[in-house]
Amino acid sequence: MVTYVELRDARLGTVTEAAEAWRTLARRSGELERRVVTELTGPLRTSGWSGEAASALFARLDVLDDEFELAALLHRMAAIVLGNAAQRLRDVQQRLHAAIDACDLLGLRVEDDGRVVPPPAQDWHIHLDDGRAERALQHQNAEIYTDLIGRLLAEADDADTDIKRALGKLEPLDRGAMDTFEWKNAILDAREVADLLGVAESAIPEAGADPASVRAWWDGLTEDQRLLYLTAHPDRLGALDGLPAGDRNEANRLALRAHLGELGRAPEWSPQSGRDQDRLLHLLDKLEAAEYGPPGQGLFLLGLENTNDGRAIVAVGDPDTAAHTAVLVPGTGTELDNMRGQIDRAAEVQRAAQQIGGPTAGGISVIAWLGYDAPGFDSSAMGTGHAEAGAPALDSFVNGLNAAHDAGPSHTTVIGHSYGSVVVGEAASHGDGLAVHDIVTAGSPGMSVGTAGELQLDPRHVWAGGAADDPMTGATGSIPGIHDNEPTDQDFGANRYQVDTSGHSGYWTPGSESLKNQGRIVLGLYDQVSLDHGQSPR
């Protein structure tokens, strides 16, 4: 129980100083984690060293990386709890001191137990009517302020209890027992801390909320509130279109690690759980390997779902600061299991654009967007069901990119491969269309529209490519026109860019004209695109 004297005399500035010390410790832990990556793990992993000793060292460095990263997270939460403690108790203390000052003005005295008593009675308080009225008022005021101080002490005691419980959740890491489940523990602890500090899950926008309103909600939070939401509810925050890419990446990586921890602790193994674990490990390896690569090519995990065939959204480069952003939508047969290949394709488009544009092109981000349930190699690929279900998600994601982008220039392109172009067609031809500057297809069986004009975009900004031997597109295709007119047909009205690659999946062959043309479109260098037919924008 917080006493009157304790609350009156508490030096809460020291609590604020302690909170800042924890923030400093968190920054230092985060810096140590980055140094492990850049100065230890990165150089060793890129050295070509292999063997049992190398594998053992890499495993230990990965654990060290995780330990520093988890420590930074826990230190930040400790700082938040202490900062909240100082703020809550200071607010109550200030109101207590205001009550004490009021008592002084009224001639009342506050005892050390918090009771307020009137001054000693004088003769005129007993013998005169005015005196008796004055004395009654003194007793009434003493009761009022006694009650007020009692309520302030109860409020301070509630805050003290909440803070004690919150700090009790932040247990130090057990270095001898560090495993992947520690990430899940961090989430569970953060949820309890968030609840105790009034950071309510119910305030999180629902899935599918307008990205602009999501960004406004996020911007209205304090830094501490954002950190608690990201740590306590990473699965929900990571799925919100409109959040900054860095924050979505942080949330989704935490959710990924936590899910791996859950799978590792599962009581029973099954083929599906084994598959879930393997594909998440492969994705995590891909994400972490990029930490050792060149600047500007880091990976941002913008979406993740591990049920059924799985989904993932990974950006190569930061889309929030990029002057040029492309969204690559894959087609039939794409699952979370082969997401690494989709990331590689996105990286090839980014690399091609960087080589074409040079250092003056500005930042370039290319996003592998498996944000829908792609059809398998079955009859479902002949219908539009998967595309109709995925189109709203693509539309929302693109709107989210625009809402999250900084104040700099932004040119956005969407590239649909195979059935992915059907998804793009559905999204662009319905509602208010896709908020992009250019639409590109590669190996498209059709876009469920008859002409480029139905995509709610100037047809000069619609680009289609098809390899001569691609069975899914072109006059020589074995199954032409599955989803209405093919975009490469001249009467469709799109620009047909030149393709010099072979087959249905060769459009991203390094050094090819096909890949270069995609890079030129991403950069908006329309006059450099080599065309079979069509008219480039001026």
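His411, Thr413, Ile415 and His417 point one way from strand E7, while Thr412, Val414 and Gly416 point the other way, and all are buried. The model described here is predicted. Strand E7 covers residues 411-417, and seven of its seven residues are buried, so this strand is largely enclosed by the rest of the structure.

**Strand E7 and its partners**

- Strand E5, formed by residues 324-329, runs parallel to E7, and six bridges join the two.
- Within this pairing, Thr325 stands opposite Thr412 in E7; Thr412 belongs to the set that also holds Val414 and Gly416, pointing one way from the strand.
- E7 is also joined to strand E8, residues 438-442, by five bridges, and these two strands run parallel.
- Between E7 and E8 the chain passes through helix H14 (residues 420-429), forming a β-α-β crossover that is right-handed.

**Helix H14**

- Nine of the 10 residues of H14 are buried, so the helix is largely enclosed by the rest of the structure.
- The buried residues are Gly420, Ser421, Val422, Val423, Val424, Gly425, Glu426, Ala427 and Ala428.
- These buried residues pack against strands E5, E7 and E8 and against helix H13.
- Just after H14, Gly431 adopts a positive phi of about 60°.

- Strand E4 spans residues 311-316; five of its six residues are buried, so E4 is largely enclosed by the rest of the structure.
- Strand E3 (residues 299-305) runs antiparallel to E4, with six bridges joining them.
- In this pair, Gly303 stands opposite Ile313 in E4.
- E3 and E4 form a hairpin with five residues between the strands, where Asn308 has a positive phi near 50°.
- E4 also pairs with strand E6 (residues 364-370): five bridges join the two, and they run antiparallel.
- Val316 stands opposite Val366 of E6 in this second pairing.

**Asp395 in helix H13**

- Asp395 lies in helix H13, which comprises residues 385-404; H13 is one of the elements against which the buried residues of H14 pack.
- Although Asp395 is buried, it has no salt bridge.
- The nearest side chain of opposite charge to Asp395 is that of Arg248, 13 Å away, whereas a salt bridge requires a distance within 4 Å.
- Leaving out residues up to four places away in sequence, Asp395 touches Asp432, Gly433 and Leu434.

- Leu455 is located in the loop between E8 and strand E9 (462-465).
- The relative accessible area of Leu455 is 1%, so this residue is buried, the cut-off being under 20%.
- Apart from neighbours within four places in sequence, Leu455 is in contact with Gly425, Ala428, Ile439, Met447, Val449 and Val462.
- Among these contacts, Gly425 and Ala428 are themselves buried residues of H14.
- Leu455 and Tyr526 are 71 residues apart along the chain, and their C-alpha atoms are separated by 19 Å.

Notes. Residues numbered from 1 in each chain as written. Predicted model: local features only at pLDDT ≥ 70, side-chain atom pairs only at ≥ 80, totals over all residues. Heavy atoms only, no water. Buried < 20%, exposed > 50% of the residue type's maximum accessible area, 1.4 Å probe, protein only. Helix = DSSP H or I, 4+ residues; strand = E, 2+ residues; numbered from the N terminus. Pairing = 2+ DSSP bridges. Right-handed = clockwise from strand over helix to strand, strands pointing away. Lys, Arg positive; Asp, Glu negative; His and termini not counted. Contact = heavy atoms within 4.5 Å.
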